[in-house]
Each structure stands twice: as structure tokens, then as C-alpha cells.
Amino acid sequence: MLSKSECTLVAEFLQDLANPVRVKILCALREGEKSVSEIVRETGEKQSNVSQQLQILLHKGYLSRRREERNVFYAIKKPELFTLMEQIRTLVLAEKRGEEAKRPEEAILEE
């Protein structure tokens with residue numbers, strides 16, 4: 001059982017990941033270090049938004065950053081995030097499948 005302070009910490013952590021662009025960035029970095037332009041290309045988001053979210057993830061300690069001439073590269077600092085994201089994905093997909101199974105009449109209407 002979590003204490004009240006632990007519940008607060010968990011809630012703050014989940015809030016850190018509650019932005020879809022941040023999740024896309026983390027997914028883009030799963031394969032390894034990438035430049036900002038590569039992250040922008042992979043996420044399909046505007047460069048200004050990606051840069052803003054990268055700064056938040058960096059400040060929170062989830063990413064590392066290095067410069068090489070004029071390029072800035074980011075990498076995951078906490079690879080455990082991928083395990084957590086995969087568990088959340090499994091949970092979300094199972095829940096979605098459960099909802100679909102509960103409403104077969106909607107599936108029929110879509111055909």
C-alpha cells in the first residue's frame with residue numbers, strides 16, 4: 001500500500017507523462033539517441049512544441065542531452081520508462097478490447 005506522500009509522487013510522475021507529445025518523444029527515443037530534427041520528423045509535431053516538451057523531459061530527469069556542433073541530441077536517461085510504457089500499453093489495449101467485447105451491437109453497426 002502506498003503512503004500519501006508516495007501517492008503524490010506517483011501522481012506527479014504520471015502527470016509528467018500525460019502529454020501525448022512527450023509520449024511520442026519517448027517512443028521516438030526508444031531506438032537510441034536522436035537529434036531534435038529526427039525527433040520532430042518521427043513525431044510529426046512542430047519543432048517548437050517538440051523543443052518545449054524536450055526541455056520538460058530533460059528538466060524532470062528523463063532525458064540526457066549532448067551537443068555536437070550545431071546539433072543537439074537527446075537520449076533516454078531512464079530506460080525503465082519503456083517497461084512501464086509497455087505495461088500501460090498492454091493495460092490500455094486489454095481495456096479497449098474489453099469495451100469492444102461488451103458492445104457487439106456497435107461492431108455490427110460499423111460493418
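Student: What makes the contact between Lys 24 and Glu 45 a salt bridge?

Tutor: The side chains of Lys 24 and Glu 45 come to 2.6 Å, N to O. A salt bridge needs a side-chain nitrogen of Lys or Arg within 4 Å of a carboxyl oxygen of Asp or Glu, so the pair of Lys 24 and Glu 45 qualifies. Lys 24 is in helix α2 (residues 20–28) and Glu 45 in the loop between α3 (36–43) and α4, 21 residues apart. Helices here are DSSP runs of H or I with at least four residues, strands runs of E with at least two, numbered from the N terminus.

Student: What kind of model is this, and how are residues numbered?

Tutor: The model is predicted, and local features need pLDDT of at least 70, side-chain atom pairs pLDDT 80 or more, while totals for chains, interfaces and linings use all residues. Residues are numbered from 1 along each chain as its sequence is written, and side-chain values use heavy atoms, without hydrogens and water.

Student: Why is Asp 16 called buried?

Tutor: Its relative accessibility is 12%. Buried means under 20% relative accessible area, exposed over 50%, and partly exposed in between (1.4 Å probe, protein chains only), so Asp 16 counts as buried. Its salt-bridge partner is Lys 60, with the closest N and O atoms 3.4 Å apart. Asp 16 lies in helix α1 and Lys 60 in the loop between α4 and β2, so this pair ties together parts 44 residues apart in sequence. Lys 60, at 40%, counts as partly exposed.

Student: Why is the pair of Phe 13 and Tyr 62 called edge-to-face?

Tutor: The ring centres are 5.9 Å apart and the planes are at 75°. Rings of Phe, Tyr and Trp (its six-membered ring) pair if their centres lie within 6.5 Å; planes under 30 degrees apart are stacked, over 60 edge-to-face and the rest tilted. A search of the whole structure finds 1 aromatic pair. Tyr 62 is buried at 4%, whereas Phe 13 is partly exposed at 24%.

Student: How do you know that the charge of Arg 66 sits over the ring of Phe 73?

Tutor: The charged end of Arg 66 is 4.6 Å from the ring centre of Phe 73. The term requires NZ of Lys or CZ of Arg within 6 Å of the centre and within 35 degrees of the ring normal, and Arg 66 is listed as sitting over the ring. Arg 66 also forms a salt bridge with Glu 33, at 2.8 Å.
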